[in-house]
Amino acid sequence: MPMKLEVGDMVELKKQHPCGNHTFEILRTGADFRIKCIKCERQVWIDRATLEKRIKKVIEK
């Protein structure tokens, strides 16, 4: 069963972004997710399976 993730949720990932940040905001959900780095504001497209594996914890908004 897929994780309950919604637009606006903040997630902390195991793997850091090249800018050194671990926290991302979810901008779009579905089969593919669009997430935004909180520090540098870069947006990344990532598929659901990969994102769910990389999430350390969900910091809901």
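Author: Start with one definition. A salt bridge is a side-chain nitrogen of Lys or Arg within 4 Å of a carboxyl oxygen of Asp or Glu. Keep in mind that this is a predicted model.

Reader: What makes Arg48 and Glu52 a salt bridge?

Author: Their closest N and O atoms are 3.1 Å apart. The cut-off is within 4 Å. The pair therefore passes.

Reader: Why are Arg48 and Glu52 separated by about one helical turn?

Author: Both lie in helix α1, residues 48-54. They are four residues apart there, so about one helical turn separates them.

Reader: Why is Arg48 called partly exposed?

Author: Its relative accessible area is 24%. Buried needs under 20%, and exposed needs over 50%. Arg48 falls in between, so it is partly exposed. Glu52, at 22%, is also partly exposed by that rule.

Reader: How many salt bridges does a search of the whole structure find?

Author: Five. One of them joins the side chains of Lys56 and Glu12, at 3.7 Å from N to O. That pair links distant parts of the chain: Lys56 sits in strand β5 (residues 55-59), Glu12 in strand β1, 44 residues apart.

Reader: Is Glu12 buried or exposed, and why?

Author: Glu12 has 18% relative accessibility. Buried means under 20%, so Glu12 counts as buried. Lys56 has 52%, and exposed means over 50%, so Lys56 counts as exposed.

Reader: How do you know that Glu12 and Lys57 meet in a salt bridge?

Author: The N to O distance is 3.8 Å. That is within 4 Å, so the pair qualifies. Glu12 lies in β1 and Lys57 in β5, so the bridge ties together parts 45 residues apart in sequence. Lys57 itself counts as partly exposed, at 45% relative accessibility.

Reader: What makes β1 and β2 a pair of strands?

Author: Strand β1 (residues 10-13) and strand β2 (residues 23-28) share three bridges, in the antiparallel sense. Pairing needs at least two bridges, so they pair. Glu12 stands opposite Thr23 in β2.

Reader: How do you know that β2 and β3 pair?

Author: The same test applies: at least two bridges. Strand β2 and strand β3 (residues 32-37) have four, again antiparallel, so they pair. Glu25 stands opposite Lys36 in β3.

Reader: What do β2 and β3 form, and which residue in the turn has a positive phi?

Author: They form a hairpin, with three residues between the strands. Gly30 in the turn has the positive phi, about 140 degrees.

Methods
Residues numbered from 1 in each chain as written. Predicted model: local features only at pLDDT ≥ 70, side-chain atom pairs only at ≥ 80, totals over all residues. Heavy atoms only, no water. Buried < 20%, exposed > 50% of the residue type's maximum accessible area, 1.4 Å probe, protein only.
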